[in-house]
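User: I'm new to this and would like a close look at one spot in this protein. Could you pick a single residue, tell me how it sits there, and then show me what is around it?

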Amino acid sequence: MRFLLNLLLMLVVALGVGFGLSWYALSDGRLFGASQYGPWVTWTRAGAPEPDPYTRAFITRNAALQLGQAEGLTLVATTDSDGRRLDRACRYRVDGRTPTSTFWTLIPVDDHDGSIARPDGPPGFHSSRIARSNDGSMQLYFSKTLSPLNWIELTGDGPFSLVLTLYDTVIFSGVGASETATLPSIIRESC
């Protein structure tokens, strides 16, 4: 009887670990197929003709239309540059530059990829309609309270993510290997 209880316990632990690792690989995946650069995470093989099995499973689980490798790349940030979860109660500044691309968008979304920007305002930022510093850098603000320059007003409560989509970019293609150094930082200014 004791043998059967131990066997049952081992089976439950094995299933728990197996399902837990599978869930992690498909939702976060930084150990399996995703790449992280500061707060930004991307599945670099998502648009490849033959993605690895973890990337294929991630695409299937999220049921999202992926850009081809020649079309662009999507990066998602769920934390600020200090590793704290993004929260709508705080004010954030996205600071720096984006990698070279023909066009880019930066949109705040909830956990179900729904827009959390004010309904009668812009849903996010895009490369052709922002004020930049003289050196080409940018400062983009996300908060519920009025902020200077480039600002998107957030609605609701709870955590959120920032989705940066780069269209027609050379990042991770081997052409501009230093491009990852140009990903912007996300700074929490106040809560």
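Analyst: Let's take D80, which is buried, with a relative accessible area of 1%. Buried here means under 20% relative accessible area, while over 50% is exposed and in between is partly exposed (1.4 Å probe, protein chains only). Before going on, keep in mind that this is a predicted model, where local features need pLDDT of at least 70, side-chain atom pairs count only at pLDDT 80 or more, and totals for chains, interfaces and linings use all residues. Residues are numbered from 1 along each chain as its sequence is written, and side-chain values use heavy atoms, with hydrogens and water left out.

So where does D80 sit? You'll find D80 in the loop between β3 and β4 (91-96). Helices (H or I, at least four residues) and strands (E, at least two) are DSSP runs, numbered from the N terminus. A polar atom of the D80 side chain lies 2.9 Å from the backbone nitrogen of D82. If you skip the neighbours within four places in sequence, D80 is in contact (heavy atoms within 4.5 Å) with P39, L86, Y92, I186 and R188.

Now follow the chain back to β3. This strand, residues 72-77, pairs with β2 (residues 40-42) in the antiparallel sense over two bridges; to count as a pair, two strands need at least two bridges found by DSSP. V41 has V76 of β3 as its bridge partner. Both strands belong to an open sheet of six strands with antiparallel pairing, in the order β1-β2-β3-β9-β5-β6. At the edges stand β1 (35-37) and β6 (125-126), each with a single partner strand, so one side of each has no neighbour in the sheet.

Stepping back, the chain has two helices and ten strands. From the N terminus on, they run α-β-β-α-β-β-β-β-β-β-β-β. Of the 191 residues, 35% count as buried, and D80 is one of the buried residues. Among contacts with a separation of 6 or more, 67% are between residues 24 or more positions apart.

F3 counts as exposed because its relative accessibility is 62%.

How values were computed: A polar contact is a pair of N or O atoms within 3.5 Å; within protein, one must be able to donate a hydrogen and the other to accept it, and residues adjacent in sequence count only if both atoms are side-chain atoms.
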